[in-house]
Amino acid sequence: TCNDFISWMNDVESGFKTFVPNVNKMEATQRKYENFLTELAAGKGRLDEIDRLVGNFIESGHSKDREIQAEQQMVHERWDIMLALKEQKGKELIGTADVQSFLQKCQDTTALLQD
C-alpha cells in the first residue's frame with residue numbers, strides 16, 4: 001500500500017511540477033489545478049488508510065513496528081511536499097489571474113482612449 005501511494009505521489013508531483021499558469025489559457029489552467037485538488041483529496045483518503053493500517057500494526061505489537069513507523073513518517077514527509085506544492089501552485093494561479101485582470105483592464109482603457 002505504501003509503495004503504491006508513493007508511486008502515485010511521484011506521478012502527481014511530476015505532472016504538477018510542469019504546471020505553469022498561462023494567462024492566455026486561464027480556464028484550462030484553472031481546470032488543471034482543480035483536477036490536482038481532486039487528486040489530492042482522493043490521496044488524503046489513501047493516506048488515512050495507511051495511517052489506520054500502521055495503527056493496527058503498532059497495536060498488535062508487530063515485530064517491525066519501528067520500520068513501519070519510519071515508513072509512515074517518510075510517507076507523511078512526501079505528503080507535506082505535495083501540500084506545499086499545492087500552496088505554491090495556488091499562489092501562482094492567483095498571480096496569473098491578477099495579471100489577466102490587469103491586462104483586461106489595460107485593453108478596456110486602451111479601447112476607451114481610442115474612441
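Trainee: What pLDDT does the chain average?
Mentor: The average is 83, and 84% of the residues score at least 70; pLDDT is the predictor's confidence in each residue, from 0 to 100. Where pLDDT is low, the predicted coordinates should not be read in detail.

Trainee: What makes the pattern of the chain α-α-α?
Mentor: Helices (H or I, at least four residues) and strands (E, at least two) are DSSP runs, numbered from the N terminus. This chain comes to three helices and zero strands, and reading along the sequence gives α-α-α.

Trainee: How do you know that the span of H1 agrees with its 16 residues?
Mentor: The expected span is 1.5 Å times one less than the number of residues. For H1 that should be 22 Å, and its end C-alpha atoms are 22 Å apart, so the two agree. H2, with 34 residues, reaches 49 Å from its first C-alpha to its last, close to the 50 Å expected.

Trainee: Why is Met 9 called buried?
Mentor: Buried means under 20% relative accessible area, exposed over 50%, and partly exposed in between (1.4 Å probe, protein chains only). Met 9 has 0%, so it is buried. This H1 residue touches Val 75, Arg 78, Trp 79 and Met 82, not counting residues up to four places away in sequence; contact means heavy atoms within 4.5 Å.

Trainee: Why do the buried residues of H1 line one face of the helix?
Mentor: The buried residues of H1 include Phe 5, Met 9 and Phe 16. Seen down the axis of H1, its buried residues fall within an arc of 160°, so they line one face; the arc is that of the directions from the helix axis to the C-beta atoms. The face turned away from this buried side carries the exposed Asn 3, Asp 4 and Asp 11.

Trainee: And a lysine: why is Lys 89 called buried?
Mentor: Its relative accessible area is 5%, so Lys 89 is buried. Lys 89 lies in H3 and touches Phe 16, Lys 17, Phe 19 and Tyr 33, leaving out residues up to four places away in sequence.

Trainee: Why does Gln 30 count as partly exposed?
Mentor: Gln 30 has 31% relative accessibility, so it counts as partly exposed. This residue is found in H2.

Trainee: Which residues have the most contacts inside the largest nonpolar core?
Mentor: They are Phe 5, Met 9, Phe 36, Val 75 and Trp 79, in a core of 21 residues. H1 (2–17), H2 and H3 each supply at least two residues of this core. A nonpolar core is a set of buried Ala, Val, Leu, Ile, Met, Phe, Trp, Tyr and Cys residues joined through side-chain atoms within 4.5 Å.

Key. Residues numbered from 1 in each chain as written. Predicted model: local features only at pLDDT ≥ 70, side-chain atom pairs only at ≥ 80, totals over all residues. Heavy atoms only, no water.
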